[in-house]
There are 2 protein chains.
Amino acid sequence: MDPKKFQTPYAVIFTSKLKTKSKAYEEMASKMFSLAQEQKGFLGIESAREDIGITVSYWKDLESIKTWKENAAHQIAQELGRNKWYAAYKVRIAKVERQYDF
Amino acid sequence: MDPKKFQTPYAVIFTSKLKTKSKAYEEMASKMFSLAQEQKGFLGIESAREDIGITVSYWKDLESIKTWKENAAHQIAQELGRNKWYAAYKVRIAKVERQYDF
C-alpha cells in the first residue's frame, strides 16, 4: 500500500485462469512481478490468486505500459503463458480517475 | 469471463488488507458480492484474496458506481469493514480504455 500509487493515472488489470498451477509458472510469475518493478514508469503492483488470478499494475502513462508489454523477457513469458499455462486471460487498460483509501 | 465485461467502461479496483479473516467477514463479503450483481449498471465482478484481497467490479457509468456506494446495505458493510475487518483498503475508479483477451 505504497503512497506512490496514489498518483498513478493508469492501471493494467490482468485477470487469468490457469490450466493447472505449476512450479515453472510460479517462478515465471515471480520473475515478471520483479522485472515489472524495474521498468520506467512503473508505480506499483498488487496480485492475488484464488479461483482466478488478478494482478493490477500501475503506470505513469500508456507509453510505459507499451514498453513493458514489448519487453523481450516479458514477451517470452507472454508466449509461454498462452502456450502452456493460461486457460484464458484478459487485459484491461484503465485510466484512474478517482481514488480514496482507509 | 463473461463477454458482457468487454463493453464495460468503468472498473472499481478495491484492494484490501484484513486485520484477521473471520466468518462474519466472509459472510458479509459474499453477501455484497451477490448484492452488487443485482444493481443497475452492474456488468461484472472478479475477486481473489491471498496476502491482500483484490476485487474488481465493472460498471456502465459513474452514476451506477455512486448508487452502489450509497446503497443502504452496502453502507452498513462499509462501516463494519472500517470498524472491524480492514487494516487498510484502497478504492480506485478507472475508465477502461482498451481491453483484449486470450
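The paragraphs below lead through this predicted model, from the relation of its chains to its strands, its core and its helices. Residues are numbered from 1 along each chain as its sequence is written, and chains are lettered from A in the order in which they are written. Since the model is predicted, local features need pLDDT of at least 70 and side-chain atom pairs count only at pLDDT 80 or more, whereas totals for chains, interfaces and linings use all residues.

Chain A can be laid on chain B with an RMSD of 0.0 Å by a turn of 180 degrees and a shift of 0.0 Å along the axis, where the copies are superposed by least squares on the C-alpha atoms of residues with pLDDT of at least 70 in both. That is the relation of a two-fold axis. The same surface serves both copies, for 100% of the contact residues of chain A recur in chain B; two residues are in contact if their C-beta atoms, placed from the backbone, lie within 7 Å.

How many residues of chain A are in contact with chain B? There are 30 residues of chain A in contact with 30 residues of chain B. On the side of chain A that touches chain B, two or more residues come from each of the elements S1, strand S2 (42–49), S3 and S4 of chain A, and the largest share, 15 residues, comes from S4(A). Helices (H or I, at least four residues) and strands (E, at least two) are DSSP runs, numbered from the N terminus. The residues of this side divide into 16 nonpolar, three polar and eleven charged, where Ala, Val, Leu, Ile, Met, Phe, Trp, Tyr, Cys and Pro count as nonpolar, Asp, Glu, Lys and Arg as charged, and the others, Gly among them, as polar.

The strands also join the chains, for S4(A) and S4(B) run antiparallel and are joined by eleven bridges; two strands pair if DSSP finds at least two bridges between them. Lys95(A) has Lys95(B) as its bridge partner in S4(B), while Val91(A) stands opposite Tyr100(B). Within chain A, S1(A) and S4(A) pair in the antiparallel sense over nine bridges, and Tyr10(A) has Lys95(A) as its bridge partner in S4(A). Within chain B, nine bridges join S1(B) to S4(B), and seven join S1(B) to S3(B), again in the antiparallel sense. Phe14(B) takes part in both pairings, with Thr55(B) as its partner in S3(B) and Val91(B) opposite it in S4(B).

The largest nonpolar core has 24 residues, of which Ala11(A), Val12(A), Ile13(A), Ala11(B) and Ile13(B) touch the most other members. Such a core is a set of buried Ala, Val, Leu, Ile, Met, Phe, Trp, Tyr and Cys residues joined through C-beta atoms within 7 Å, and a residue is buried if 20 or more other C-beta atoms lie within 10 Å of its own, exposed if 12 or fewer, and partly exposed in between, with C-beta atoms placed from the backbone. Leaving aside neighbours within four places in sequence, Ala11(B) is in contact with residues of both chains, including Ile13(A), Ala94(A), Val56(B) and Val96(B).

Ile65(B) lies in helix H2 of chain B and is buried, because 22 other C-beta atoms lie within 10 Å. Not counting residues up to four places away in sequence, Ile65(B) touches Tyr10(B), Val12(B), Trp59(B) and Ile93(B). Helix H3(A), by contrast, is hardly covered, since the count of buried residues among its 14 residues is one.
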